Amino acid sequence: MTRGKQKIEAQRRNAERNQKPKGSQLEARAVGLKINCPICKVQLANHNQLTDHYASKHPKEKRPSDSG
């Protein structure tokens, strides 16, 4: 019954490998998103994304200065 034992061990290893990762990535995501759009309150990671966001979502509004 060597093959039976190998099969059980393989199933156990596969079950361990396929488990969902514990914990949430929400905390890690929140750390990366540091800038908020003052108009629609969307969270962005950096100033370049904010200027791109203004160009696409708020084209009639004045873009924020680089100092913020």
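The following dialogue discusses how to read several features of this predicted model.

Trainee: Which elements does the chain contain, and in what order do they run from the N terminus?

Mentor: The chain has three helices and two strands. From the N terminus on, these elements run α-α-β-β-α.

Trainee: How many Å is the radius of gyration of the chain, and what does the globule rule give for 68 residues?

Mentor: The radius of gyration is 24 Å, whereas the globule rule gives 11 Å for 68 residues, so the chain is more spread out than a compact globule. Taken along the principal axes, the C-alpha atoms fill a box of roughly 75 × 20 × 15 Å. Among contacts with a separation of 6 or more, residues 24 or more positions apart account for 0%. Of the 68 residues, 13% count as buried. The chain exposes about 6,300 Å², of which carbon and sulfur atoms supply 51%.

Trainee: Which residues make up the largest nonpolar core?

Mentor: In soluble globular proteins, nonpolar side chains tend to be buried together. Here the largest nonpolar core has five residues: Ile35, Cys37, Leu44, Leu50 and Tyr54. Leu44, one of these five, is in contact with Leu33, Lys34, Ile35, Gln49, Leu50 and His53, once neighbours within four places in sequence are left aside.

Trainee: What feature does UniProt place at residues 37-58?

Mentor: The UniProt record, an unreviewed entry, places the feature "domain: C2H2-type" there. Over residues 37-58 the chain is 50% helix and 9% strand, and the end C-alpha atoms are 10 Å apart.

Trainee: Where is His58 found, and why does His58 count as buried or exposed?

Mentor: His58 is found in the segment after helix H3 (47-57). Residues under 20% relative accessible area are classed as buried; His58 counts as buried because its relative accessibility is 12%. Not counting residues up to four places away in sequence, His58 touches Cys37, Ile39, Cys40 and His53.

Trainee: How many disulfides does the structure hold?

Mentor: A disulfide is a covalent bond between the sulfur atoms of two cysteines. The structure holds zero disulfides. Cys37 is in no disulfide, and the nearest cysteine sulfur, that of Cys40, is 3.7 Å away. The cut-off for a disulfide is a pair of cysteine sulfur atoms within 2.5 Å.

Trainee: Are Cys37 and Cys40 buried, partly exposed or exposed?

Mentor: Cys37 counts as buried because its relative accessibility is 0%. Cys40 is partly exposed, with a relative accessible area of 38%.

Conventions: Residues numbered from 1 in each chain as written. Predicted model: local features only at pLDDT ≥ 70, side-chain atom pairs only at ≥ 80, totals over all residues. Heavy atoms only, no water. Core = buried A, V, L, I, M, F, W, Y, C linked by side-chain atoms within 4.5 Å. Buried < 20%, exposed > 50% of the residue type's maximum accessible area, 1.4 Å probe, protein only. Contact = heavy atoms within 4.5 Å. UniProt positions renumbered as here; feature names shortened; annotations may be inferred. Helix = DSSP H or I, 4+ residues; strand = E, 2+ residues; numbered from the N terminus. Rg over C-alpha atoms; globule rule 2.2 N^0.38 Å. Areas by Shrake-Rupley, 256 points an atom, 1.4 Å probe, with all protein chains shown as cover.
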